[in-house]
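Hi,

Here is the structure I said I would pass on. Have a look at it first, and then read my notes below.

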Amino acid sequence: MTKQNFYELNFNQLKNFLVEKIGIESARAKMRAEQLFSGIYKKGLTNFSDLSTVTKDLRKELDKHLSLDLPKIVKKITAEDSTIKWLLELNDENKNLIEVVLIPSKSSHYTVCVSVQVGCAMSKNSACIHCATGTQALVKNLSANEMVMQIMIAKRYLNDFGDQRLLKNIVLMGSGESLTNFSQVQQFIKVLEESTGLAFGKKSITLSTIGIPDKIKEFTDSVATYLALSLHSADNEKRDKIIPINKKYPLKEVIESCKYYTNKVGEKVFIEYTLMAGINDSSEDARQLIKVMSQFPSKLNLIFMNTWPGCDIKPVSEEKTNQFAKIVKDAGFIVTVRRSGGRSEKSLCGCGQLRTTSVPINKN
Ligand code: SF4
């Protein structure tokens, strides 16, 4: 019998599963689901036999029907600044590999950077030029449970259970484009938000996208967590070259969808802008950026270019980065200059540096 993956289910789905597959009375299903969510997500239990709040018989039934297995950790890299990157082998048929990154902050809290695809849907002719993941063909969309499991790997490593709350933020900025795997991302966020389980609030979760206008609107109407837009150029023609999918979804439409988000959700959009030497780092680029940012509430994350083997784009000097930042700041915007944790070519844990060796399997 194939077991149902526990991490796939939101609270209501678990309740229904307990009734339909395990035969728990409807009147008791809510209480049982609470015991399970609390035991696994809040107390960090790793198997049903430790679930002392339910009878021994029920523990056996749960074990028969539900799987709590996590992916195998194949490799762990700890960078100079304590950022950790795990290479995980999924429990899928082809044992695909993904990476997940745990980033410490100064305030002793942590952020997990989650992957949503093996490879990226934007690979081939649509790959963003600065990103290593774009060189890996799309192998598959991750399921919601494969995303939740990345969180559980990090939580178990930190022993982040009970009263402490070390893991504060989740960013969907690892491998893959979130909005091209949106139904699974929606389900993932639903599980993250369940108050009896992981209990992450909307302001703890940031979804990053290169900008797919219709999907940004759908995201606004449903998920509505923080939104980060990977802009990288405010000039439409230049953006076509950096993010080729811009030819299909031009900047004008992306801006309209950001306005929709800010009007409806009332939060600023985080503009992600990786500075690439000689490509998008001039004063004129900064002025164009101001024009775009003036159209909806936004703040700027200016990101150092993280290089990777085979990449010939050069990062911008500290001085030039500060000059660029000053132009935007002087126009009244909040600007944060970000150096990704663990971005050396030895660690490759930073923004745009994730990539695994999994390849699509041709079944013909
Ligand atoms: S930046 Fe995002 S969308 Fe672009 S290639 Fe990298 S992972 Fe894919």
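How many nonpolar, polar and charged residues are there in the lining of the second largest pocket? Keep in mind that this is a predicted model. The count by class comes to four nonpolar, two polar and four charged residues. If you want to find them, the lining is made up of Lys75, Ile77, Lys85, Trp86, Leu87, Leu97, Glu99, Arg355, Thr356 and Thr357. Strand S3 (72-78), strand S4 (84-89) and strand S5 (97-104) are the elements that each put two or more residues into that lining. S4 gives the most, with three residues. As for the space inside, the second largest pocket holds about 160 Å³.

Next, two helix pairs.

Start with helix H4 (residues 144-158) and helix H5 (residues 182-193). Their axes are 8 Å apart, and the two helices pack at an angle of about 45 degrees. Because of that angle, H4 counts as oblique to H5. The crossing of H4 past H5 is right-handed. On the H4 side, the residues in the contact are Ala144, Met147, Val148 and Ile151, and they meet Gln184, Val185, Gln187, Phe188, Val191 and Leu192 of H5. Sorted by class, this contact has eight nonpolar residues, two polar ones and no charged ones.

Then go to helix H9 (residues 283-293) and helix H10 (residues 318-330). Here the axes come within 9 Å and cross at roughly 35 degrees. H9 and H10 also make a right-handed crossing. From H9, the contact takes in Ser283, Asp285, Ala286, Arg287, Leu289, Ile290 and Met293, while H10 brings Phe324, Ile327 and Val328. Those residues divide into seven nonpolar, one polar and two charged.

What does Ser38 touch, leaving aside residues up to four places away in sequence? The answer is Lys43 and Thr196.

If you open the model with the pocket first, colour Lys75, Lys85, Glu99 and Arg355, which are among the lining residues. After that, the H4 and H5 contact can be picked out from Met147 and Phe188, two of the residues that take part in it.

Cheers

Conventions: Residues numbered from 1 in each chain as written. Predicted model: local features only at pLDDT ≥ 70, side-chain atom pairs only at ≥ 80, totals over all residues. Heavy atoms only, no water. Axes fitted to C-alpha atoms, helices over the stretch in contact; angles between N-to-C directions. Helix = DSSP H or I, 4+ residues; strand = E, 2+ residues; numbered from the N terminus. Parallel < 35°, antiparallel > 145°, perpendicular 65-115°, else oblique. Left-handed = near helix turned anticlockwise from the far one by under 90°. Contact = heavy atoms within 4.5 Å. Nonpolar A, V, L, I, M, F, W, Y, C, P; charged D, E, K, R; others polar. 1 Å grid on protein atoms, 1.4 Å probe; cavity = no way out; pocket = protein on both sides within 12 Å on 5 of 7 lines; lining within 4 Å. Points joined across faces, edges and corners; volume = space filled by probe spheres on them.
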